[in-house]
Every structure is written in C-alpha cells, then in structure tokens.
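Subject: Structure handover

Hi there,

Here is the structure I promised to pass on. Please open it alongside this note, and then read on for what turned up.

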Amino acid sequence: TLFRSPAWRSLPSLGIHSRCWYSTQAAESKDEEPLHTLINDSESVQGSSSKHEFQAETQKLLDIVARSLYSEKEVFIRELISNGSDALEKLRHKLMLEGKVFPAMEIHLQTDSEKGTITIQDTGIGMTKEELVSNLGTIARSGSKAFLESLQNQADNGGNIIGQFGVGFYSAFMVASKVEVFSQSAEDGNPGYKWSSDGSGLFEVAEAVGVRTGTKIIIHLKDDCKEFATEERVKDVVTKYSNFISFPLYLNGRRINTLQALWMMESKDIGEWQHEEFYRYIAQAYDKPRYTLHYKTDAPLNIRSIFYVPEMKPSMFDVSRELGSSVALYSRKVLIQTKASDILPKWLRFLRGVVDSEDIPLNLSRELLQESTLIRKLRDVLQKRLIKFFLDQSKKDPEKYAKFFEDFGLFIREGIVTTTEQEVKEDIGKLLRFESSTLPPGQLTSLTDYASRMQAGTRNIYYLCSPNRYLAEHSPYFEAMKQKNMEVLFCYEQFDELTLLHLREFDKKKLISVETDIVVDHYKEEKFEDGQPGTDRLSDKESEDLLAWMRNGLGTRIANVKVTPRLDTHPAMITVLEMGAARHFLRTQQLAKTSEERAQIMQPTLEINTRHPLIKKLEQLKNSEPELAQLLLDQIYENAMIAAGLNDDPHPMVSRLN
C-alpha cells in the first residue's frame, strides 16, 4: 500500500538480509552488470473512469505538505521508496503466513528527462479499488481532524505527524503537476486499477489491464522540478536516504543499494574488518575506530545503533562547538538526517555512527524533529548507555582508556560544564581521570576510586590545580594540606578547575580545592599545632609589628596579612575564599588589570610563615633598610600571587629583580 500504516509498524521485523558482507564496493562493475528493469508501458485503461473528490481535510493536507511540511523537496523519493518497502514487507508477511513462495521482491526507479517523468514501481502487496480510493483519497480515516489539529501545533506534537497519519505519498505533489498510480492487489480475483490526479481537488479511478502485482507511480514533474527526471540527481538522493533498504533497489536497470545495514545485524555476525569499512564509509575517514559500541534495545524505545570513536586524535576544528553531530538518524533503514544534532548531547559530537529507531516517524522537517519529546527521550537513553560503555572500557583496559581520555577528555569536561542536571553531571564525572598525591606519577584514578579510599567520616574530595606534578607537590597549598594527611587529586589541564567548580559534588561528597579548604579552616578557626620549637619563629611581638608593617606596605593590594603555621618551606601564600572561581573570573572577564583592582574583586589574604628565613630577614630589614625591605615584600607578594595563579603579568617583577 502507498500509505504507511502505524499498525504495520507493530509487526515483528521480517527483513531478509542480503547474504553478501558489507562492502563499500558495488558487487559488479557497470560494464559487467546486465540491466534489469520491470518498468514498461504495458498498462492500459479499460472502460470508463469514475471521478472522486478528495476529502476536504486531504485537500488541506495537500496544500500544507506542498508548502511547509517537507523541508527539502527531494525527500519525496525517500517517501515513495519507503512506501514501496512497506508494501513488500506486507506481501512477505502475508506469503509467510500462507506458506507460499516469495516472488521477486524489488523496487525500481526510472527517469525520463525527455518526458520529464520519474517512475517508481514495487512488486509488493498492491491495492484494490477500495484501498486506492480510501488510502489515496482520504488521510487516515480515523484521525483526519486530529492530523490537521496537530499540524496547527507542530512544535508540541511534531514528532508524530508523518508516521501516524501516513502522508508520505502526498509528498509527490510537491514536485508533480500530475500523478498516475497503477496498482494490482496480491489478493486473488482483483483486477488492476489506475488512479490519477493533478492534486487540485479531484482524482479519477479506472480499471486497467497489463498491471503487474504491486504498485507503479508515474510522476509528471513541474517545470521547476525537472532535475528529478535525471539519473544522476535521483541516484544522489537514493544514495543519501535509501542506501540501506532491505530490498533490491534499481535505477534505470542498475542495482544501486549494495550496502548492508550493519546496525540491524547481530553483533556476533559482524567482523572487525566490516566495522572498519563501515566506519570509513559513514565517517568519510581513513583511520580505524578505537572503540565500537553496537547497541540494540526494545525498551524504553526501539533502538538499533552503532557508535564509533575515531582512532585519530581530534583537531582544534573537531573540538569546535560549531561542528555539530556526526551521527546519522534512520527510521527502519531510511535516512531522516545525515547529521542529527539532537539525538546526542553536544559533548558527544566526537562520535561517528548510526541510530535507527522504528519509534521515530519519518518526519521530514528539522524544526519538527528538534521539538520532539521522543527525540529527547532517545537522547537521554543513548547518553546513559554511552557513559556506561566508556566506564566498562575503562575497567576492561585502563591504559587504552587513559589514552582515550587524554585525546577526548575536553569533550567530557564540556559535558559536565554544559549539563544542567546534577545527576547527569555526576554520571559524566565518573569518566574523569586525574593523578593523585597518594599514587605513583602517571597512574590515573577516578572520582569513584578516590571516594572508595576515603577515611570514614570524611566528606570532602580535595583537588589542586597545577600545570604539572612537580609544581603541585611543591605548591604552598599542597604543603599546607599535609597536616591533614588527605589524598589530593592533581589537575593539570586548563579546564579541570572550571569542570570541578561546575560539578560541585560527587556521590554526596563536596569537591573542594585545597586553597579553598585552607580559607574555610580559618573561618572555622581550626587550629593547627606548630610542632617546631618556638625559637625557630618570630616572637608574637615581632610578628604583630611585621604584620602591621606589611599591611601598610602592600596597601590596597591586599585585604589582610596573617600568620599561618601550615607552611614549612614556603615564606607565604595567598588565600581567597573561592580561589578557582576567582581565577576563572579573572581569566575570562579581563576586568582587573592592576593588582589593586584584583584585590578589590578577590579580597586576598597574604599568609606568612614566621619560621622562614626570608620572613625573619624581612623583619630585620624593615627597620635597617626600609627600601630593600619594601622590594623584598613586593617580591614575596608577587611570588605568592603567581603560585596562586592570580598574576599573569610578570613584567613589574622582572624590572624589580634587575
């Protein structure tokens, strides 16, 4: 039948797969391939024809379809091929139940540029006179009004329009000045018929002879659509949308769908080399896939999919958020979108692959697709499955996963930053990897593993952002944490800090930078025992005098100066309540140019180690050589700001040293 019935979709898939393995090569060269066509002019009308009016709703539909429902005119070919495929599936199901032999089950297309026509013929189940009138003269009888109402609310109900109401046939009128349909039902005792219309309000039905079982549609193209009467143009459209139809598809006598829909096969039947060829075909790439996920499920949605992670490291162009998806969306092996940007969240755009779902109607407009609640549901299911897949791979081969994270980690961090739901953020967070203060250099750990090693009663996951491990281990902030005897994650990448600021917590444990922890301890007035002899440090009186002098010397560059017992080898450190957020703010806003402006925004505190030789010397110099003391104070302050990552301009320091 020419319209796509939703009831048919509930039947089990009875697709017969081609026996040849997937190949990007045609089975035979054009020179060797004999032409094979069923299309001829054997049909002729017998007797008089009866005239019928289109149902009022159908006429409205024809106007709407031609104007707005389809985003590209070329999809009429896809629609009619899909209808032919459905008709063949129905016939196969009928013959299987009756235990009869299958005839040749094929779809043929023929272009005629001289006559300005394109013909599509299938050897499927065909239609009786009643079915022709019913299916092509009215839209889904039970729901015509509902259909038109749904068209008024495309944004709310866009995902259901085409498939529910079976209007694919009417897409022909986007390009046709006249449509002729010859159909012969596979039911015994039925004659053939001709249906014809110019889409203006009337259609004619007449008995015909010389009609082959199945359906033949002749489209007389409008003057501005004559491109579809050329073989090259039609071949491009078929290759784009209908390359994976289960049945042989011929254009002007030559088989054109030689590719196999790998995603519909059982994974155990697919060899690694087939995946490599298929990946290269869909990704237009030359490398191999480093990871392959063949995912099939029927609940909560029908999904048949294959995803590939490229072996090649992404370039800066690949990382760009403007690039969009590289995953194609199909419905029952018919292409809906080549780059379906809505079926995966943006952070997974590094994947290549195919998603096929029977639950998605053959919707033709991108705008409708974007608004579909079904697509949102599909996106959530796929995201969850892909996260699980990467987690499984990280356990199966940690070294291989570490290389993947090194190459594609930026996308994972982006996923956390751009996702709004905390639960999803934490799911993606399971994929993050860091070095740890308690593990050997080069060995990576996850937030899940860190949480499993935490001491009973501790509720914070600590991290420190630094360009490399050496600087992290020799940071004043890491030194200040040693008294707590806590594991610290080392974050070396530029966006780690932003990622963890957005993640905020993991498994009910707060993510806290060691710099913030130091400040929080001050607010809680947590005391740390100074185990060193009192003679090693300045006296309380000397310390008080020095602090007052330093506050005066630094002026508005600092909010406060205080003594800390937590430092050992460092003379001083800067503390800010939210150091990571402050760093990110300064890096992105470019607001504070001078140290005074920075201080007004951040309210930094300079904490000094009164046991350190530099601080002791400073205390002596402030009275004996005040100018030298001021230079030393400026240098200590600048060093502390650089260690905190809050100073990007070293020029004043260089001139001072000189």
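Below are some notes on salt bridges, a helix pair, a hairpin and one serine.

First, the ground rules. This is a predicted model, in which local features need pLDDT of at least 70 and side-chain atom pairs count only at pLDDT 80 or more, while totals for chains, interfaces and linings use all residues. Residues are numbered from 1 along each chain as its sequence is written, and side-chain values use heavy atoms, with hydrogens and water left out.

Salt bridges

The structure holds 32 salt bridges, a salt bridge being a side-chain nitrogen of Lys or Arg within 4 Å of a carboxyl oxygen of Asp or Glu. Helices and strands here are DSSP runs numbered from the N terminus (helices are H or I with at least four residues, strands are E with at least two). For burial, buried means under 20% relative accessible area, exposed means over 50%, and partly exposed lies in between (1.4 Å probe, protein chains only).

One of the bridges joins Glu-98 to Lys-94, with the closest N and O atoms 3.0 Å apart. Both residues sit in helix α3 (residues 75–98), four residues apart, about one turn of the helix. Glu-98 counts as partly exposed because its relative accessibility is 39%, whereas Lys-94, at 13%, counts as buried.

Another pairs Lys-288 with Glu-276 at 4.0 Å, N to O. Glu-276 belongs to helix α9 and Lys-288 to the loop between α9 (272–283) and β10 (289–297), so the bridge ties together parts that are twelve residues apart in sequence. Lys-288 is partly exposed at 44% relative accessibility, and Glu-276 is buried at 14%.

Then there is Arg-349 with Glu-414, whose closest N and O atoms are 2.8 Å apart. This pair links distant parts of the chain, 65 residues apart: Arg-349 is in the loop between β13 (334–337) and β14 (352–356), and Glu-414 is in helix α13 (residues 398–418). Both Arg-349 and Glu-414 are buried.

You will also find a network of salt bridges linking Glu-74, Glu-227, Arg-233 and Lys-240.

A helix pair

Helices α20 (residues 540–554) and α23 (residues 613–624) pack at about 75 degrees, with their axes 10 Å apart. The axes are lines fitted to C-alpha atoms, for helices over the stretch in contact, and angles run from 0 to 180 degrees between N-to-C directions. That makes α20 roughly perpendicular to α23, a label that covers 65 to 115 degrees. On the α20 side the contact (heavy atoms within 4.5 Å) involves Glu-542, Asp-545, Leu-546, Trp-549 and Met-550, and on the α23 side Ile-615, Leu-618, Glu-619 and Lys-622.

A hairpin

Strand β12 (residues 326–331) pairs with β13 in the antiparallel sense over three bridges; two strands pair if DSSP finds at least two bridges between them. Ser-331 has Val-334 in β13 as its bridge partner. The two strands form a hairpin with two residues between them, and Arg-332 in the turn has a positive phi of about 50 degrees.

One serine

Ser-196 lies in strand β5 (residues 192–197) and is buried, with a relative accessible area of 11%. Leaving aside residues up to four places away in sequence, Ser-196 touches Val-179, Glu-180, Phe-203 and Glu-204.

Best wishes

Conventions: Angles under 35 degrees count as roughly parallel, over 145 as roughly antiparallel, 65 to 115 as roughly perpendicular and the rest as oblique.
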